[in-house]
Amino acid sequence: MTITAQSLYEKLRHYRVGSPLCEFTEEHCARMLPYIEKIEQLKQEKNAIILAHNYVAPEVLFSVADYTGDSYGLSKKARQSDADVIVFVAVRFMAETAKILNPEKTVLDPNPNGGCSLADSINAGIVKQLRREYPDHTFVCYINTTADVKAECDVCVTSSNVYKIIEAIENDKIYFLPDKLMAQNVIDFLKEKGSSKQIDFYDGTCYVHEEYEAGSIDFIRKNNEGVEILVHPECSPPVVGKADYVGSTTGMLEHVRESKSDSFFLLTECGLTGILQTEYPEKQFVGSCTMCRYMKSNCLTHIASTLEQPLPENIVNIAPEVQQRALACVDRMFHYAGR
Ligand code: SF4
C-alpha cells in the first residue's frame, strides 16, 4: 500500500512518549515522504528488506520496515529471508547476528556506531579468560553480544527464550554473560522450580532497564487501579518480582493485545509503549519514558543513504572462522528453542 502523509499521520498521531519531538504532525509526516519513497524504490532495485527492532523510531517502524519485532523474531526473519540485501535497523550486534545467519548476503547497518551497554561490556578476550576459570561450565551468551563473543560461547539466548533454554541445557553448571540482572532473574526462576543448576555470571547491565525501581511500581499501582505491570527480564529482580508479566518486547506486545485490562505500565524502552499507543489510543499507558540512545539514533535519512551508497562501515563483515563458530552458538539456540 502506498504511504501518504495522511496515512502515516493516522498511524503516528497517537504516539505520545518521550519529548515533544516524538509528537507527529501531518506536516512532519509530509517532510518524511521523499525519504520513504526513495527507500521503497531502492528496496525494489536491490531486492532488499528492512528489519527493524521494536525500539527504533516510529517513523521507521510504520513506514519502510518490512518486519518489526524483538531480536529473536528478527533473527528468524533474517534466516528465512530470500532477499539479496538485509538492512538491519537496530544496533550493531543485531546486524552482526543477521550476518552470522546469512554470510552469503549483504547485510547493511545504517547505524554503525549503534552500541549497546550490554554488548560493549565484554569482549572475546574476557570470555577466553573466563573459560579458563570455569572449565566445566556451559557458556550461555545473551544475544546482546558481538559476533566475536558469540564465537567463544556455547549457546545463545534471547529475552524470549532465556528461561526455557537455560532450564533445558543438560549441564548443571552454567556461565551466563553479559547481563547480571537477567542472570539473577534466571536464578530466581530456577530456584522456584526446584532446580539445582549453578549459575555464575558476568557483570554487565542494560543502562535503560537497570534504572527502573520497584518503588515506582508500588506508586503506579497505588494511583492506577487495575493497572497491569509488564517488565522486561533485563530489569532487576525486585522489579521483576512485582510484575504481572515478564517477557521480551514481542511477548509484551502480544500480552497487551490479549489482555482485557485498560491500563498498562511497561518497564522497558519507551518505543514499545509508543507502538501500543498507536494501536490502542483508547487504552491508558502510564509511567515514565526511558529511551535507548543507541536504538533511537536510527533515522530515515541514514537508511536511504546506506541503501543507495553504503559506506565501508555500513557493510557488516565477519571473518569466516568467527562467523562459523558464532553460527554454531546461534544454531544451538534455535535447536533448544524449537524443542
Ligand atoms: S535498550 Fe539496553 S539492551 Fe537494548 S540496545 Fe539499548 S542499551 Fe542495549
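## Domains

The protein chain of this predicted model is divided into three parts: domain 1 covers 5-117 + 295-314, domain 2 covers 121-205, and domain 3 covers 209-286. Taken over C-alpha atoms, the centres of domain 1 and domain 2 are separated by 30 Å.

## Where domain 1 meets domain 2

Contact between these two domains involves nine residues of domain 1 and 12 residues of domain 2. On the side of domain 1 that touches domain 2, two or more residues come from each of helix H4 (71-80) and helix H5 (92-101). The greatest contribution to this side is that of H5, which gives four residues.

## Helix H4

Helix H4 has Ser71, Tyr72, Leu74, Ser75 and Ala78 as its buried residues. Viewed down the axis of H4, these buried residues lie within an arc of 165°, and therefore they line one face of the helix.

What do the buried residues of H4 pack against? Their partners are strand S1 (48-53), strand S2 (67-69), strand S3 (85-89) and H5.

## Surroundings of the ligand

The residues around the ligand are Val91, Cys116, Ser117, Leu118, Asn144, Cys206, Tyr207, Val208, Glu269, Cys292, Tyr294 and Met295. This shell is made up of nine nonpolar residues, two polar residues and one charged residue.

Technical notes: Residues are numbered from 1 along each chain as its sequence is written. This is a predicted model: local features need pLDDT of at least 70, side-chain atom pairs count only at pLDDT 80 or more; totals for chains, interfaces and linings use all residues. A residue is near a molecule or strand if its C-beta atom, placed from the backbone, lies within 6 Å of it. Ala, Val, Leu, Ile, Met, Phe, Trp, Tyr, Cys and Pro count as nonpolar, Asp, Glu, Lys and Arg as charged, and the others, Gly among them, as polar. Domain bounds come from an automatic or database domain assignment. Two residues are in contact if their C-beta atoms, placed from the backbone, lie within 7 Å. A residue is buried if 20 or more other C-beta atoms lie within 10 Å of its own, exposed if 12 or fewer, and partly exposed in between; C-beta atoms are placed from the backbone. The arc is that of the directions from the helix axis to the C-beta atoms.
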